[in-house]
2 protein chains.
Amino acid sequence: MKTQLKKGVLEMCVLALLEQHDSYAYEIVSTLADSVEMSEGTIYPLMRRLQNDGLVSTYLVESDAGPPRKYYRLEAKGLETLQAMKSEWSGFLAEVNKIVGANKS
Amino acid sequence: MKTQLKKGVLEMCVLALLEQHDSYAYEIVSTLADSVEMSEGTIYPLMRRLQNDGLVSTYLVESDAGPPRKYYRLEAKGLETLQAMKSEWSGFLAEVNKIVGANKS
DNA sequence: ACAGGTACTTTGCTATGCAAGGTACCTTCT
DNA sequence: AGAAGGTACCTTGCATAGCAAAGTACCTGT
């Protein structure tokens, strides 16, 4: 899958997942990897960014298998950002599809 | 408009325009700028890439206003690439929309 | 003890878009 | 003639974000 297409979109996907329930990086990658193909090298810097921007907060939870998990929770600012991203995304989609004439429902 | 979203997509848009009719860089920017917002600093390196990859060929045409225009014509390989890109794009779309649940018709 | 799964993290690389600057030609207005 | 503004080309340097690869550490099963 083309790397470039994902630029900027993965962030939105991660936020969307966190909107449903708190999660930790490793789980997020496992989930998204099925559909969008992403790797660990991508997620950790991304999560750091989200945290630095105050979109998510974290808390540690002991795991019975492996090291403790760093859970991420979507914060209010993160939800706002997610919604802004969604509307930007669907606007962008519309424009691009107008140009390339891709009208797959 | 978010820069990152365009990564990889602009190339497809340019090829899609060239599928309709030959064009030159300045005109392409003018056209696309309305919907996707792009600048000259983006198009010239991009066109160079397309040419180097053998997706387009060029020919010069004198202009009655300004320097000669470098027209680009979509080649067979470019058309193939465009079609591959389109299918990759709509596949990617589907996956992302499944995740973010953006069902705007 | 070793293999393998879980989970975290960092380093260096790559691709692409963009702002800013530059060149040059033509027309129009002063 | 000179200045301004549109057309059209091009390059340099920067910022961003994804990824492969490597490393650490913990736990379970063989």
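The following legends describe close-up views of a predicted model with two protein chains and a DNA strand. Local features need pLDDT of at least 70, side-chain atom pairs count only at pLDDT 80 or more, and totals for chains, interfaces and linings use all residues. Residues are numbered from 1 along each chain as its sequence is written, chains are lettered from A and ligands numbered from 1 in the order in which they are written, and side-chain values use heavy atoms, without hydrogens and water.

**View 1. Relation of chains A and B.** Chain B is superposed on chain A by a rotation of 180° with 0.0 Å of shift along its axis, with an RMSD of 0.1 Å (least squares on the C-alpha atoms of residues with pLDDT of at least 70 in both copies). The two copies are thus related as by a two-fold rotation axis. In chain B, the C-alpha of Lys7(B) is nearest the axis, 3.2 Å from it.

View 2. A residue is near the strand if one of its heavy atoms lies within 4 Å of it. Of the atoms of DNA strand C that come within 4 Å of the protein, 73% belong to sugar and phosphate.

**View 3. Polar contacts with DNA strand C.** Such a contact is a pair of N or O atoms within 3.5 Å. For Arg49(B), a side-chain N or O atom is 3.2 Å from a phosphate oxygen. Gln4(A) places a polar side-chain atom 3.3 Å from a sugar or linking oxygen.

Technical notes: Polar contact = N/O pair within 3.5 Å; in protein donor to acceptor, adjacent residues only side chain to side chain.
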